[in-house]
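Here is a short briefing on one protein chain. Look at the sequence and the 3D view, then read on.

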Amino acid sequence: MWFKNIRVYRLSAPLTMDQAVIEQALAEYKFSPCTGQEALRSGFSFPLHPSIKQYCHLQQHRWFFAIKRQEKVLPAAVINEELAPKLEAAEQEAGRALSRKEKQALKDDLIQSLLPRAFSRSTLTHGYYDAEQQWLVINTGSASKAEDVLALLRKALGSLPALPWLDNHKLNQHLQLWLQHQQLPGTFQPGTEVELKAPDEEGAKVRFSNHLLSADEVQTHLEDKLVTRISLQQPDGFRLTVTDDGGIKQLQYSELLLEQNDELGWDDLAARLDADLLLMADSLNQALLAISQQVMAQSTE
């Protein structure tokens with residue numbers, strides 16, 4: 001359950017509902033599988049473990065949730081193979097070539113007929129709300145998937161005044177300073193990966209991996225390109241990548257942190273999962289605070 005890629009949002013007003021109210025609100029939108037003719041369904045699931053029947057897991061000032069998404073899998077090759085003879089037969093019957101609209105209607109009808117026989121694929125997206133920082137942290141690198149999570153939360157809770165946690169408009173400038181080893185957040189140092197992109201129409205890109213970022217061949221690209229993503233690391237081995245749209249990717253936790261709860265074992269599943277969540281969320285909280293405070297400080301200079 002250690003988050004790997006996250007999207008973070010800041011709430012302009014705190015969520016003041018207690019756990020029982022939140023539990024009931026999420027349960028009303030609990031997950032149920034797709035019916036025969038449905039292509040997609042999503043709903044709240046159990047964040048700790050399928051055997052722990054709890055939609056809202058409260059831990060200190062944070063509450064954790066999970067959203068399950070199920071979609072029918074219809075490969076394009078299968079659709080096209082089934083569609084080809086139907087198109088041919090329809091055109092012969094009409095005595096002419098079908099219009100784009102007619103072809104699309106035929107394809108839509110075919111998809112509906114295939115859905116009951118399609119395989120289902122399910123994914124689980126975890127997240128948590130931090131009442132202290134008024135942050136919503138979602139375990140996905142996709143902005144669109146994060147927006148889907150926000151939409152379901154809004155439906156369940158009634159409202160959710162969430163905005164991106166960082167001002168993305170000038171984030172390139174902050175990343176550029178970090179690449180130049182200036183005003184880095186907290187105890188972070190530049191990692192070994194960076195991507196830069198020219199701001200013109202061509203948008204030429206250059207990417208360095210496993211490279212010393214202070215090297216001249218990297219720094220010279222700052223003359224005509226913007227930093228779109230950069231990896232940062234801490235002395236204990238904690239690593240992450242910050243992107244210019246505010247996403248945090250490629251999270252890697254220190255071995256010491258990952259092994260810290262090993263002595264607890266797994267006899268008490270709920271206690272072990274709760275302990276791991278605490279370590280992960282505390283670690284993320286420190287990193288997010290360092291980054292947001294540094295961005296804010298640089299923005300006021």
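**Overall build**

The protein chain holds 8 helices and 12 strands. Both are DSSP runs numbered from the N terminus: helices are H or I with at least four residues, strands are E with at least two. This is a predicted model, where local features need pLDDT of at least 70, side-chain atom pairs count only at pLDDT 80 or more, and totals for chains, interfaces and linings use all residues. Residues are numbered from 1 along each chain as its sequence is written, and side-chain values use heavy atoms, leaving out hydrogens and water.

**Size and burial**

- The C-alpha trace spans about 70 × 55 × 35 Å along its principal axes.
- Of the 301 residues, 41% are buried. Buried means under 20% relative accessible area, exposed over 50%, and partly exposed in between (1.4 Å probe, protein chains only).

**Salt bridges**

- The whole structure has 12 salt bridges. Each is a side-chain nitrogen of Lys or Arg within 4 Å of a carboxyl oxygen of Asp or Glu.
- Asp245 pairs with Arg7 in a salt bridge, with the closest N and O atoms 3.3 Å apart. Asp245 sits in the loop between β11 and β12, Arg7 in strand β1, 238 residues apart.
- Arg7 is buried at 8% relative accessible area, while Asp245 is partly exposed at 34%.
- Arg272 and Asp262 form a salt bridge (3.2 Å, N to O). Arg272 lies in helix α8 and Asp262 in the loop between α7 and α8, so the pair ties together parts 10 residues apart in sequence.
- Arg272 is buried at 5% relative accessible area; Asp262 is partly exposed at 44%.
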